Amino acid sequence: MTAQPGRRVVVTGATGNVGTSVVSALADDPRVGSVLGVARRRPGWSPPGTEWARADIGKDADRDLAALFEGADAVVHLAWAFQPTHDPTATWRTNVLGGMRVFRAVADAGVPALVHASSVGAYSPGPKDRPVDESWPTHGWPQAAYSREKAYLERALDAFELRHPDIRAVRMRPAFLFKEEAAAEQLRIFAGRLVPGRLASPGFVPVVPDLEGLVFQALHTDDAADACRRAVLDDGARGAYNLAADPPLSAADLAGLLDARVVRLPRAAVRTALAAAWALRLVPTSPHLFDAFLRVPLMDCSRARDELGWRPRHTATEAVRALLRGLREGAGMDTAPLHPRGAG
């Protein structure tokens, strides 16, 4: 990789699952001179060489964000709102309009590099028996707000690259990201406050449903952060990079981690139950996200390996095991999103 010492990097969404790992990875690299973490709430946690600024990408003006980006060598855009799932207008305002506001501010401030956190969720439905590379269509699953918003930002970046060919734009498309410290946040986001973390204990959950399409990839968040760090420092990095660890996980793999039995269930029945629970606001995960999850393709990560020299240090199984350990132990960090008793 080619890099110059003392680079200044700004990270939006710096206090969440991915942001805390990216900030740590950058702060530990001697080629990075300073890191500015941008979040809606200032955290108690702060690695050496890190400064903090409060901003809301869904509300703040372009010029306010551009002022924060002035003098930066790269902006890593991670800010994302998963909820409220019953109000897609609210998440669209933050994720899509806020994301486009970040892109414009990067151009207005003259930042030479933008690293954007896209997702496997941006991909159109794809195969589960073979991996696809970064050329697979990114039209998402249109009914799911998360997938729809990630796909729309892919189109926004297409236009951004045409208007600003001088800015090096990178799109990271990671698989599902887990780490121990983010367990409480992810429980709140996807399962809700009524679900206890002790469900992650071996033997507590008697069965794992085996559903059509239930094969997915996972990645430890720290490994995703390492890829972002490499993209920031490698002046030749451009375009999209798939990020996932081996092996792909199935219902049988989850059952092994939970000491549970696998039971084959019809997908329609499980979706109907989830839809009812979501409509009654018992769980925050929508049935549309469930649909998208079961349809995302498996990804080929050769490009990140060959061009960035990236290798995940954790297997997919280890990433999920870290999540389960965090759920059992009530792990977290001193940031608003990751605090074990935080509002998220």
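**Contacts and cores in a predicted chain**

Visitor: Among contacts between residues at least 6 apart in sequence, how many join residues at least 24 apart?

Guide: In this chain, 79% of them do, where a contact means heavy atoms within 4.5 Å. This is a predicted model, in which local features need pLDDT of at least 70 and side-chain atom pairs count only at pLDDT 80 or more, while totals for chains, interfaces and linings use all residues. Residues are numbered from 1 along each chain as its sequence is written, and side-chain values use heavy atoms, leaving out hydrogens and water.

Visitor: How many residues are buried?

Guide: Of the 344 residues, 53% count as buried, which is to say under 20% relative accessible area with a 1.4 Å probe, protein chains only.

Visitor: Which residues have the most contacts inside the largest nonpolar core?

Guide: They are Val 11 and Met 172, in a core of 69 residues; such a core is a set of buried Ala, Val, Leu, Ile, Met, Phe, Trp, Tyr and Cys residues joined through side-chain atoms within 4.5 Å. Helix α6, residues 221-233, gives the most to this core, with seven residues.

Visitor: And what does Met 172 touch?

Guide: Leaving aside residues up to four places away in sequence, Met 172 touches several residues, including Val 115, Ala 227, Tyr 241 and Leu 308. Apart from this core lies another, of 26 residues, among them Trp 80 and Val 102.

Visitor: Changing topic, what box does the chain fill?

Guide: Taken along the principal axes, the C-alpha atoms fill a box of roughly 55 × 40 × 40 Å.

Note on methods:
Buried means under 20% relative accessible area, exposed over 50%, partly exposed in between (1.4 Å probe, protein chains only). Helices (H or I, at least four residues) and strands (E, at least two) are DSSP runs, numbered from the N terminus.
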